[in-house]
Amino acid sequence: MNRITRWSLSFLACMGMVAASAAELRIGVMTTLSGAQAVPGVDMRDGIELAVKQLSGKVGGQQTQLIVADDQFNPGAAKQIAERLVKKDKVQVLTGIIYSNILLAAAPVALESGGIYLSSNAGPSQYAGEQCDSGFFSVSWQNDAVHEAAGKYANDKGYKRVLLVAPNYPAGRDATTGFRRFFKGEVIDELYPKLGQLDFAVEIARLREQKPDAVYFFLPGGMGINFAKQYRAAGIPEKSILLTSQFSADQDTFAASGDAMLGIYNTGHWSTDTDTAESREFVAAFEKAYGRLPSFYASQGYDAIMMVDAAVRAIGGNVDDPKALRKALSDSKFKSVRGKFSLGTNRFPVQDFFLRVVSRDAKGRLYNKTESLVLSNHSDAYATACKQR
Amino acid sequence: MNRGLIAVIVAGLGLLVLPMVLVSMGQGFYLGLLTRIMIYALAATSLNLILGYGGMVSFGHAAFLGIGGYAVAIAAQHGIGTAWVAWPMALGAVALFATVIGAISLRTQGVHFLMITLALAQMVYYVFVSLRGYGGDDGLSMSRRSSFGWEAWWPTRGDTGFYYLVLALLALALLCAHRLVRSHFGRVLIGVRENEARMSTIGYPVYRYKLAAFVIAAVLCGLAGVLNVELNRFISPSVMHWSQSGMLMVIVIVGGLGRPWAGVVGATVFLGLEEVLSHYTERWQLPLGLLLLALVLARVAGWRLPRDTGKSLQHV
Amino acid sequence: MLWIEQLLNGLQYSLMLFLFAAGLTLVFGIMNLVNLAHGSLYMLGAYSAATVTALSGSYAIGLLGALVFMGLFGALLEIVLIRRLYRQDHLTQVLATFALILIFNESVRIVWGVQPLRYDIPAALSGSVSIVGDLRYSAYRLATIAAGVVVALLLYWMVSRTRVGMWVRAGASNREMVQMMGVNVRRLFTAIFSLGAVLSGLAGAALAPLMSVQVGMGEEVLILAFVVVVVGGVGSIRGAFIAALLVGMVDSMGRAWLPGLLGAVLPAHIASDLGPALASMSVYLLMAVVLMVRPMGLFFPGAPSLLPKWLRRHPPMAANAAPGRASA
């Protein structure tokens, strides 16, 4: 064949290849899958995989490749793995990180190369405020928010002397800051065990000594399970009420801590009894697929995929245009399992927070029974500091 | 020209051309991997100096990786973004720490030396874990690489430019180590390894030689630490954990303890294996452990360090 | 009241550390072996206890099963691999046992998966016990303290008062002579290593319900165990006990009190990081100081006694004993 035909055929072939690869959506899921802090990560991964399956493997109508990796609960390792996902596997969206310290190390890798980080859990104040980035989205909450709800509840209940326990890392400090913002009583002490610490003998002793009205603890994953068990075993008087957030009182902890959690009040944004069609469908599908009830981590992973799905549909499947994708995500119109959901100016959610109590359902399983609304249409305290749009 | 030199030149040329090839193939990711291998080769070469040639089993060598790296990261946090200031500061800090740690540890021998270096390194580790202001356990990020001020013609801030910088520094370090080992200093060091009592009796200030070697090796390792933090723009205390020192030892052993190329060979094999094996399984440490065990058992009959420097010590 | 509770916490920690370090010091002292994989034995003890408990439904059977398993596993490991390392230099031993750590960690991940196992405090011990006044303390923690004391006493009795203990001490000083006198030294060494594995596994199984059964749990404690062994004097059970008390108390009390002390001058979250870090550092500082003053440890076999003359029972021995000897 003559030269022109050969050139045009090669050109067409190249366009074909480019078009074929452009159509593929690659989502990188990096989460904690090993160690004592892995229980939330496993739920997160399961929620995400369920969503992709519900969409028949085509998020936003595009062929989707899900690449799952374990961050090993180590910021340094997470950074390297993020580099691999972003630079080698060339994912368009990175998501899945549970813990804020890991997020702070790894998210910049995606953001610096113009990609997108969609947070399905951690929401450090840095990214909500001064260091907000047009590529950083959250489908979960800002770290302080859930604790602000708890602080408001504690305030409304009239607790005078409260002791706070949170791990010593960014989200832990966000937690105590958030609680204090809405709690006007006296915080008699703040204990900051090391992130990942599992033996709380020291903290429990100090706590017992000070006889608080209430103990508010934020201890995610394995930390919370151990704390609850050791607290109960230590025989602290009932006068000190235990109060927590969904991070230590949801399906991921119920399985391991058993009845140690029964009757504990906690604040959160979603529960298995949330009354929306999307939620009921999600819970039923999750139970069918995995044989257990989903935690809120799973619900956030599910929501993350649904959010990407709505955005990709909105731009007609053009996933290789990061700018278009970012714009579509911020104008997001997807239906979250939690019901009311919208994104604020800093791309963090504006939503309701509820008070729940750990109860038993008809089948004898533990779950969070939603009691009342604590904060309505709540954005976060850092939105005004975010100058980027 | 002997075969060895030809091989080195060919390898060197290959490494020079490799970035262009990788980038054109769209595999820029592997540039980062190669840079990491070279950095670990540098660290392992420095350990080989005291472990292989000097016979000092230090379990705290990774501390110098950390000190060098943190010095640069902390300087960056305080606004010192130029490498001409940050790097010498880092190396100076490493030299200082190494002198102190060495002065204390080298008064002991054998397993006690091992324990003390380990303990002192752990102390350094805990210091950095406690420094909340510099990230503590979560690590410290650098927003940009330090600049040499010659970005126009050697863009070290970019991946390719940095790769060449590391290559150049590694080559320089290998040359220095090579010359050092063949010098009088190197001979004495080997002599001390072989029979410390004899060297001392002859009249050599053994302690001083060991300390000098210790500090030199530490500074080289500190340089590796500096390059490491510049590569990743991130450092955390876990880089100084004793298990990292153990890994460095493994790298040197795999590369051939006491041989001049131990660091390079070891790092290539170790990190290369890690990369290849992790494609197939996340459980790559199992074959690595088995390989190491096999290596050790094979040598159990005669754990001999090569007397490769040629001249015998009867001249001493 | 607070100090009593913190004291009990420190005691619990120290005793478990002693159990873990005792095996290490025996192996180190008698067979002159640096065993980095000792932490893996700790981990395997926890895993086997959790597994047998889950299979049998009984905590007691689980614990017993774990001890039996660790004894057999330790013996097997010694016969297959460890005995080849006795005559090697320490670097070789370090490398071989480091390789074992990698192998064991990955094997456990393969067999049991990467998530932690469920292992609960037995129902009988899950409550609290009234100590003094209105202070209550976890029954389980008290039980571990009691177990630690009992095992320590048993060990001491075994090494210093029984025939086996005498063989152990003799076999280390002069292997050939003891063999000629009819003692099977090989079998003895296997038994010692096996005992070390059982003690280590016991420590792991005892602490597991409080912490979490996960891969790598042994490496965290391993360094402290080495510090205990070196401070106490290689080969000395008594030394390991005293050193474990020292190290454990410094670490525990440091973590308990330093954040509070520092909190008076520094913000809470800085004090909370600095406190435990300082506590950990002080442990290593302690070791460095001890090694400066007594390079062979506090109670190394053959050391002149630390007590003043008028309190001593036996005359001091010659101070030139080499490592490779064990004593009570």
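Start by selecting B:Val192. Leaving aside neighbours within four places in sequence, B:Val192 is in contact with B:Gly54, B:Met199, B:Val206, B:Tyr209 and B:Lys210. Two residues are in contact if their C-beta atoms, placed from the backbone, lie within 7 Å. This is a predicted model, in which local features need pLDDT of at least 70 and side-chain atom pairs count only at pLDDT 80 or more, while totals for chains, interfaces and linings use all residues. Residues are numbered from 1 along each chain as its sequence is written, and chains are lettered from A and ligands numbered from 1 in the order in which they are written.

**Around B:Val192**

Stay on this residue. B:Val192 lies in helix α7 (residues 184-194) of chain B. Helices (H or I, at least four residues) and strands (E, at least two) are DSSP runs, numbered from the N terminus. Is B:Val192 buried or exposed? B:Val192 is buried, because 23 other C-beta atoms lie within 10 Å. The cut-offs: buried is 20 or more other C-beta atoms within 10 Å of a residue's own, exposed is 12 or fewer, partly exposed is in between, with C-beta atoms placed from the backbone. B:Val192 and B:Pro260 are 68 residues apart in sequence and 18 Å apart in space, C-alpha to C-alpha.

**Two helices of chain B**

Select residues 83-105 of chain B. This is helix α4, with 23 residues. From first C-alpha to last, α4(B) reaches 31 Å, close to the 33 Å expected at 1.5 Å a residue. The expected span is 1.5 Å times one less than the number of residues. Colour its buried residues, among them B:Trp87, B:Leu91, B:Val94, B:Phe97 and B:Ile101. What covers them? The cover includes α3 (62-77), α5 (110-130) and α9 (206-232) of chain B.

Go next to residues 3-24 of chain B, helix α1. Its 22 residues should span 32 Å at 1.5 Å a residue, and its end C-alpha atoms are 32 Å apart, which agrees. α1(B) is hardly covered: one of its 22 residues is buried. Look at B:Val17, where α1(B) bends by about 35 degrees. The bend is the angle between axes fitted to the seven residues ending at a residue and the seven starting there. A proline, B:Pro19, follows within four residues. Just after α1(B), B:Gly26 takes a positive phi of about 75 degrees.

**Chain C**

Chain C has 11 helices and two strands. From the N terminus on, the elements run α-α-α-α-β-β-α-α-α-α-α-α-α. Of its 328 residues, 55% count as buried. Take contacts in chain C between residues at least 6 apart in sequence: 75% of them join residues at least 24 apart.

Select residues 38-56 of chain C, helix α2. At 1.5 Å a residue, its 19 residues should span 27 Å; the end C-alpha atoms are 27 Å apart, which agrees. Of those 19 residues, 15 are buried, so α2(C) is largely enclosed by the rest of the structure. Just after α2(C) comes C:Gly57, with a positive phi of about 80 degrees.

**Where chains touch**

Bring chain B back. 37 residues of chain C are in contact with 36 residues of chain B. Which elements give two or more residues to the chain C side? They are α4 (90-112), α9 (217-232) and α11 (268-293) of chain C. α4(C) gives the most, with 15 residues. This side divides into 24 nonpolar, seven polar and six charged residues. Here Ala, Val, Leu, Ile, Met, Phe, Trp, Tyr, Cys and Pro count as nonpolar, Asp, Glu, Lys and Arg as charged, and the others, Gly among them, as polar.

Now show chains A and B. 12 residues of chain B are in contact with 13 residues of chain A. The chain B side has three nonpolar, seven polar and two charged residues.

**Chain A**

The mean is 89, and 94% of residues reach 70 or more. Over residues 4-21 of chain A, pLDDT stays under 50, and the model has one contact beyond four places in sequence for them.

Finish in two loops. A:Ser56 sits between α2 and β2 (58-59) of chain A. Its phi is near 60 degrees, a positive value in a residue other than glycine. A:Ser56 is exposed, with 9 other C-beta atoms within 10 Å. A:Gln72 is in the loop between β3 (62-70) and α3 (75-88) of chain A. Phi of A:Gln72 is near 55 degrees, also positive in a residue other than glycine. With 19 C-beta neighbours inside 10 Å, A:Gln72 counts as partly exposed.

Methods: pLDDT is the predictor's confidence in each residue, from 0 to 100.
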